[in-house]
Amino acid sequence: MIIKQAVVDALNTQLKSEFSASAQYIAIAIYFDEESLPDLAGFFYRQSEEERMHAMKIVRFMLDAGAKPLIPSLPEMKNQFEGASNAVQFALAQEMKVTDEINNLVSVASAENDYASQQFLQWFVTEQVEEVASMTTLLQTIKHAAGNLLFVEDFVRRIAQAATVAAEPAA
Ligand SMILES: [Fe+2]
Ligand SMILES: [Fe+2]
């Protein structure tokens with residue numbers, strides 16, 4: 001094993017957070033799906049896939065480093081929301097919490113002089129900036145829409161389309 005045990009323990013804790021976030025985003029997507037807001041639902045289904053990808057990135061890194069990833073049991077999820085802004089506020093709080101966790105993880109790796117883990121974690125540091133920014137923007141958009149969630153649907157569809165176009169290779 002080429003990474004430090006304290007870091008392995010912290011990575012396993014982070015695995016739980018990422019898998020939890022993935023499940024929680026499905027619960028939020030279901031809330032919007034039931035409200036017949038398919039674009040907001042799609043946004044959170046995609047977010048859920050991303051969180052699963054974060055978890056799998058950690059699994060891959062741990063295996064490559066000779067450490068054992070432990071698949072955790074998940075905590076209770078929140079399935080009831082008092083409106084769109086309540087659901088997105090909850091998602092934003094979750095992203096803020098994960099950002100703190102990633103920062104702590106970097107501190108542990110740094111205290112242990114575990115440079116491989118530090119290097120690996122840099123991707124997550126950058127990713128969290130994006131995650132918090134996009135969730136903050138979504139929350140602001142809901143506020144601006146002042147109750148008309150069809151404006152928010154429009155906005156979410158446009159950013160999803162822009163992301164698809166950006167991901168396509170230039171003709
Ligand atoms: Fe994540
Ligand atoms: Fe996230």
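Apart from neighbours within four places in sequence, A41 touches A29, F32 and D33, where contact means heavy atoms within 4.5 Å. The structure is a predicted model, in which local features need pLDDT of at least 70, side-chain atom pairs count only at pLDDT 80 or more, and totals for chains, interfaces and linings use all residues. Residues are numbered from 1 along each chain as its sequence is written, chains are lettered from A and ligands numbered from 1 in the order in which they are written, and side-chain values use heavy atoms, with hydrogens and water left out.

**Exercise 1.** Determine where A41 is placed and whether A41 is buried or exposed.

*Solution.* 
1. A41 belongs to helix α2; helices (H or I, at least four residues) are DSSP runs, numbered from the N terminus.
2. The relative accessible area of A41 is 2%, so A41 is buried (under 20% relative accessible area, 1.4 Å probe, protein chains only).
3. Between the C-alpha atoms of A41 and A27, 14 residues apart along the chain, the separation is 9.6 Å.

**Exercise 2.** Describe the site of the iron ion (ligand 2) and identify its donors.

*Solution.* 
1. E51 (OE), E95 (OE), E95 (OE) and E131 (OE) coordinate this ion at 1.9 to 2.6 Å; donors are N, O and S atoms within 2.8 Å of the metal (3.2 Å for Na, K and Ca), and as water is not among the atoms, sites may look incomplete.
2. Along the chain, the donors have the spacing E-x43-E-x35-E.
3. E51 bridges the iron ion (ligand 2) and the iron ion (ligand 1), 3.4 Å apart.
4. Because E51 lies in helix α2 (residues 38-64) and E95 in helix α3 (residues 84-111), the pair ties together parts that are 44 residues apart in sequence.
5. E51 and E95 are both buried.

**Exercise 3.** Characterise the protein chain as a whole.

*Solution.* 
1. The chain has five helices and zero strands, in the order α-α-α-α-α.
2. Its C-alpha atoms fill a box of roughly 55 × 45 × 20 Å along the principal axes.
3. Of the 171 residues, 44% are buried.

Key: Helices (H or I, at least four residues) and strands (E, at least two) are DSSP runs, numbered from the N terminus. Buried means under 20% relative accessible area, exposed over 50%, partly exposed in between (1.4 Å probe, protein chains only).
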